[in-house]
Amino acid sequence: MTDPATDQSTSAAHPAEASVDPELRGRALDGILLLLPRVLKRELPDVTENACLFDEVGLTSAATLELILELEDHLDVQIDVEGIDQDDLQSVGTLAGFVAGHVIAED
């Protein structure tokens, strides 16, 4: 029997993704798809959850920051971006998962 706390193979990039709220992830996904055209200042036909943010969508580092700030406003949350890495920015879906797993709880 393996201990889930030490078994890294079941948890992809971030252990927090195992505790992601599916409703919040869905809202984050919808928000990203809604906000991407505004942030990039152009229409984006047929962007899916699996679309690569940099290669397919054309997101840049500066646009990533703007997207996250816009998403915070849209979802009315604060996102802890300290631990964000390249894996979290692979696709629309991975970013939605990161956002849902890294919302800072209000006191």
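**Figure 1. Ser91 in the loop between H2 and H3.** This view shows Ser91, whose place is in the loop that runs between helices H2 and H3. Residues are numbered from 1 along each chain as its sequence is written, and the model is a predicted one, in which local features need pLDDT of at least 70, side-chain atom pairs count only at pLDDT 80 or more, and totals for chains, interfaces and linings use all residues. Side-chain values use heavy atoms, with hydrogens and water left out. Helices (H or I, at least four residues) and strands (E, at least two) are DSSP runs numbered from the N terminus. With a relative accessibility of 11%, Ser91 counts as buried; buried means under 20% relative accessible area, exposed means over 50%, and partly exposed lies in between (1.4 Å probe, protein chains only). Leaving aside neighbours within four places in sequence, Ser91 is in contact (heavy atoms within 4.5 Å) with Glu49, Asn50, Ala51, Cys52 and Leu53.

**Figure 2. Glu56 and Thr60 in the loop between H1 and H2.** Glu56 lies in the loop that joins H1 and H2, and Thr60 is found in the loop between H1 and H2 as well. Glu56 has a relative accessible area of 58% and is therefore exposed, whereas Thr60 counts as partly exposed at 41% relative accessibility. Not counting residues up to four places away in sequence, Glu56 touches Asn50 and Ala51. Along the chain, Glu56 and Ser91 are 35 residues apart, and their C-alpha atoms are separated by 9.1 Å. For Thr60 and Leu40, the separation is 20 residues in sequence and 9.0 Å in space, taken from C-alpha to C-alpha.

Figure 3. Most residues other than glycine have a negative phi. The place of Asp46 is in the loop between H1 and H2, and Asp46 is exposed, with a relative accessible area of 74%. Asp76 is found in the loop between H2 and H3 and counts as exposed at 62% relative accessibility.

**Figure 4. The contact of helix H1 with helix H2.** Helix H1 covers residues 22-40 and helix H2 covers residues 61-75; their axes come within 9 Å and cross at roughly 130 degrees. Axes are lines fitted to C-alpha atoms, for helices over the stretch in contact, and angles run from 0 to 180 degrees between N-to-C directions. On the H1 side, the contact is made by Arg27, Ala28, Gly31, Ile32, Leu34, Leu35, Leu36, Arg38, Val39 and Leu40. On the H2 side, it is made by Ala63, Glu66, Leu67, Glu70, Leu71, His74 and Leu75.

**Figure 5. The contact of helix H1 with helix H3.** The axes of H1 and H3 are 8 Å apart, and the two helices pack at an angle of about 130 degrees. H1 takes part through Leu24, Arg25, Ala28, Leu29, Ile32, Leu33 and Leu36. H3 takes part through Val92, Gly93, Leu95, Ala96, Gly97, Val99 and Ala100.

**Figure 6. The enclosed helix H3.** The buried residues of H3 are Val92, Gly93, Leu95, Ala96, Gly97, Phe98, Val99 and Ala100. These buried residues pack against H1 and H2.

**Figure 7. The largest nonpolar core.** A nonpolar core is a set of buried Ala, Val, Leu, Ile, Met, Phe, Trp, Tyr and Cys residues joined through side-chain atoms within 4.5 Å. The largest one has 25 residues, and those with the most contacts inside it are Ile32, Leu36 and Leu67. H1, H2 and H3 each supply at least two residues of this core, and H1 gives the most, with 7 residues. Leaving aside neighbours within four places in sequence, Leu67 is in contact with Ile32, Leu35, Leu36, Val39, Leu59 and Leu95.

**Figure 8. The protein chain as the setting of the close-up views.** The protein chain has 3 helices and 0 strands, and from the N terminus on its elements run α-α-α. Of the 107 residues in the chain, 36% are buried. Among contacts with a separation of 6 or more, 64% are accounted for by residues 24 or more positions apart.
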